[in-house]
Amino acid sequence: MMTMNKTLIGLLLAGAAWMLAPALSYAQAAPAASAPAAAPASDRPGPNDYTSKGADTCLGCHDEEGASYSGSALFKTKHAQRGDKRAPFGPGGLQCEACHGPGAAHAAKGSKKKLTINSFKADSFMSVEQRNRACLTCHEGTSRTGWHASTHERAEVACTDCHKIHHPQGDAVLAKTRESEVCFTCHKQQRADFHKTSSHPVRQGKMACSDCHSPHGSTVQGMLAKPTLNQTCYTCHADKRGPVLWEHAPVAEDCSLCHTPHGSVRAAMLNKSPPLLCQQCHSSAGHPSVPRTGAALPANGGTGAIFVIAGSCTNCHTQVHGSNHPSGAKLMR
Ligand code: HEC
Ligand code: HEC
Ligand code: HEC
Ligand code: HEC
Ligand code: HEC
Ligand code: HEC
Ligand code: HEC
Ligand code: HEC
Ligand code: HEC
Ligand code: HEC
């Protein structure tokens, strides 16, 4: 909360928040002198560009409209909080126009509706950057600090490609069980991966893309939520973190040397099946012989080939992630 307040105040002082600039003059009756020209004055709307009655004007024409817009849905969200000074409907707030921008011209009868107001739609006359700025005016802080470095920003994804502000069914992307539906609208390959026989239970609603990814961007490759890939995995698979007595080098290095993160047709989301998986790094030639006693005694007495023919290396080397057994050096117990 504090962070956001500070950010907001900072933005107001800097005058970077062109949309909020009039709010400042209304709320504090202060001259706009404290808002130096971050944008040319002509770009910044004046008080007369806004409707005089705010939401009441808009709601006169826009009541319940059905499929994608619902006035009452908006009033159930945090944006409609009347006690919150930072919120569009808080004291001195610009209400609908805090997001949609100045609407006097649009609200005038007989105006060319489509070209006068920020609809947040892809076919809008406004660029993605302009549409996002309406949101970032208030939301630059906290988890969006990575936004300007994100793949999503660079790919011109809009805030409102993911967020629905007054949809009758609410903002699906904020619900863990529905988030992936939203992501899958663009990420078809990942949708297919999560349908494979071995996959993380995202489709089942038990986890979400945002358990591993920062949707607003991060400095980590793949917009991962944690500083490294392995740390991302350890948040849930703490048992694989170690330290172990006998480490298996690739495990500590990078889980994705053996696993796909989303899903695979192979068991345990492996990216290849053993023995091929193991043979990417280990030569099967000259596999050391095994003791001539014991259950694992190979029929031919221990030449290399049998280990591959026997199928899975993991039949014997069960501790692929490392071993804590005093004699587990060969990852067999
Ligand atoms: C006099 C009636 C009237 C008033 C007042 C009015 N609107 Fe509209 N608005 C319309 C009509 C009609 C459309 C549909 C125009 C179209 O689709 O071409 C529309 C469309 C819109 C759209 C969608 C634009 C698009 O490109 O799809 C938005 C967003 C919108 N209005 C917001 C507002 C806001 C915010 C206010 C208050 C500042 C407001 N309207 C006031 C009549 C009104
Ligand atoms: C917090 C930002 C925000 C506020 C406040 C807000 N809207 Fe919107 N509005 C949006 C976004 C974003 C969309 C695009 C569709 C969506 O994401 O739900 C939208 C879409 C619309 C549409 C077009 C719906 C369509 O599909 O044609 C209308 C009309 C509209 N808003 C009217 C209003 C009115 C009236 C108010 C005030 C009562 C209001 N909005 C307040 C963000 C906002
Ligand atoms: C006038 C300032 C303002 C504008 C403009 C604004 N928001 Fe917000 N938004 C807020 C405040 C305040 C909250 C509540 C924060 C809290 O309580 O932690 C909020 C909350 C949210 C939340 C969280 C909702 C929840 O239920 O937890 C989302 C998502 C969001 N805004 C997205 C957007 C998007 C997308 C836009 C642009 C279409 C936008 N906001 C425009 C002020 C604003
Ligand atoms: C790729 C989809 C996506 C895009 C694009 C996106 N968001 Fe979000 N947003 C999410 C998801 C998922 C959550 C909930 C999980 C989380 O917080 O990481 C969220 C949460 C939020 C929240 C509430 C929680 C918080 O972090 O404070 C706000 C506010 C918000 N987003 C604002 C924005 C704004 C502003 C933009 C545009 C600059 C934006 N989002 C773009 C997916 C997205
Ligand atoms: C409107 C379309 C759209 C939506 C919705 C969307 N994305 Fe993306 N996403 C993209 C585009 C475009 C890229 C960049 C090109 C690519 O890698 O496919 C991208 C890239 C990514 C990347 C790769 C980042 C990198 O740096 O390699 C991740 C991770 C990602 N998105 C996660 C998500 C998640 C999680 C959601 C849902 C919360 C989501 N996306 C929703 C369009 C979208
Ligand atoms: C268990 C953690 C996890 C979950 C859950 C997850 N991802 Fe990923 N995702 C990763 C990792 C790890 C990478 C690889 C990052 C790298 O490039 O090093 C990745 C990469 C990506 C990429 C970049 C292209 C690619 O496939 O390498 C996209 C796009 C993506 N994820 C989207 C999604 C979407 C959409 C969801 C939810 C439906 C999702 N992810 C869920 C861990 C996860
Ligand atoms: C948010 C928690 C979470 C994160 C983060 C996470 N996982 Fe998982 N993982 C799970 C859950 C839940 C299961 C399913 C367990 C079950 O079904 O019993 C699972 C299962 C697995 C499986 C076994 C799949 C199977 O079919 O047997 C592997 C392998 C795996 N995860 C690897 C990873 C890797 C690699 C990462 C990092 C890229 C990662 N996980 C990150 C929660 C997580
Ligand atoms: C050298 C290859 C390799 C690496 C690297 C690797 N794994 Fe595995 N992992 C496997 C194999 C093989 C299996 C299947 C084991 C079996 O068949 O008994 C497996 C199974 C799993 C399982 C499901 C069974 C279990 O033990 O819980 C999880 C979860 C898992 N790995 C997580 C991880 C995580 C997290 C990392 C990174 C810290 C990682 N793995 C790194 C090879 C690897
Ligand atoms: C990405 C490369 C890589 C993959 C894949 C891989 N390993 Fe390893 N493995 C290594 C490295 C590196 C070492 C450490 C070698 C050393 O210390 O001399 C090692 C060590 C071992 C050891 C202990 C060797 C010793 O001398 O102590 C065994 C046993 C082993 N791996 C089995 C497997 C099995 C079984 C698989 C398949 C499930 C596998 N490895 C997959 C790279 C890999
Ligand atoms: C029938 C059981 C068995 C199978 C199957 C098996 N191994 Fe082994 N492996 C052993 C034994 C026993 C040792 C230890 C020999 C020793 O201590 O000198 C060993 C040692 C190793 C070592 C360490 C080499 C060294 O110089 O100490 C590696 C690496 C290894 N195995 C990899 C593999 C790979 C890769 C596969 C699959 C292609 C595989 N093993 C299949 C039993 C097996």
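**View 1. The iron site of ligand 4 is octahedral in this predicted model.** Angles among the six donor atoms of this iron run from 87 to 180°. His-163 and His-216 coordinate the iron atom of ligand 4, each through NE2, at 2.0 Å. The two histidines link distant parts of the chain, 53 residues apart. His-163 sits in the loop between helix H9 (159-162) and helix H10 (179-184). His-216 sits in the loop between E1 and H12. His-163 has a relative accessible area of 25% and is partly exposed. His-216 is at 19% relative accessibility; buried means under 20%, so His-216 counts as buried.

**View 2. Two histidines hold the iron atom of ligand 7 in an octahedral site.** His-200 lies in the loop between strand E1 (198-199) and helix H12 (229-234). His-237 belongs to the loop between H12 and helix H13 (249-253). The pair therefore ties together parts that are 37 residues apart in sequence. His-237 has a relative accessibility of 38%, so it counts as partly exposed.

**View 3. Ligand 6 is surrounded by 17 residues.** The closest are Gln-190, Cys-209, Cys-212, His-213 and His-262. A polar side-chain atom of His-213 is 2.8 Å from a nitrogen atom of ligand 6. For His-262, a polar side-chain atom also lies 2.8 Å from a nitrogen atom of ligand 6. Gln-221 approaches an oxygen atom of the ligand instead: an N or O atom in its side chain is 3.2 Å away. Helices contribute to the shell as well. H10 and helix H11 (188-194) each supply at least two of its residues. H10 gives the most, with three residues.

**View 4. Six residues make up the largest nonpolar core.** They are Ala-55, Cys-58, Leu-74, Ala-80, Phe-89 and Cys-96. In soluble globular proteins, nonpolar side chains tend to be buried together. Leaving aside neighbours within four places in sequence, Leu-74 is in contact with His-79, Ala-80, Phe-89, Ile-165 and His-166. Ala-80 and Phe-89 are members of the core too.

Key:
Residues are numbered from 1 along each chain as its sequence is written. Chains are lettered from A and ligands numbered from 1 in the order in which they are written. This is a predicted model: local features need pLDDT of at least 70, side-chain atom pairs count only at pLDDT 80 or more; totals for chains, interfaces and linings use all residues. Side-chain values use heavy atoms; hydrogens and water are left out. Donors are N, O and S atoms within 2.8 Å of the metal (3.2 Å for Na, K and Ca); water is not among the atoms, so sites may look incomplete. Four donors count as tetrahedral if all angles lie between 85 and 135 degrees; four count as square planar and six as octahedral if opposite donors are over 155 degrees apart and all others between 65 and 115; anything else is irregular. Helices (H or I, at least four residues) and strands (E, at least two) are DSSP runs, numbered from the N terminus. Buried means under 20% relative accessible area, exposed over 50%, partly exposed in between (1.4 Å probe, protein chains only). A nonpolar core is a set of buried Ala, Val, Leu, Ile, Met, Phe, Trp, Tyr and Cys residues joined through side-chain atoms within 4.5 Å. Contact means heavy atoms within 4.5 Å. A residue is near a molecule or strand if one of its heavy atoms lies within 4 Å of it. A polar contact is a pair of N or O atoms within 3.5 Å; within protein, one must be able to donate a hydrogen and the other to accept it, and residues adjacent in sequence count only if both atoms are side-chain atoms.
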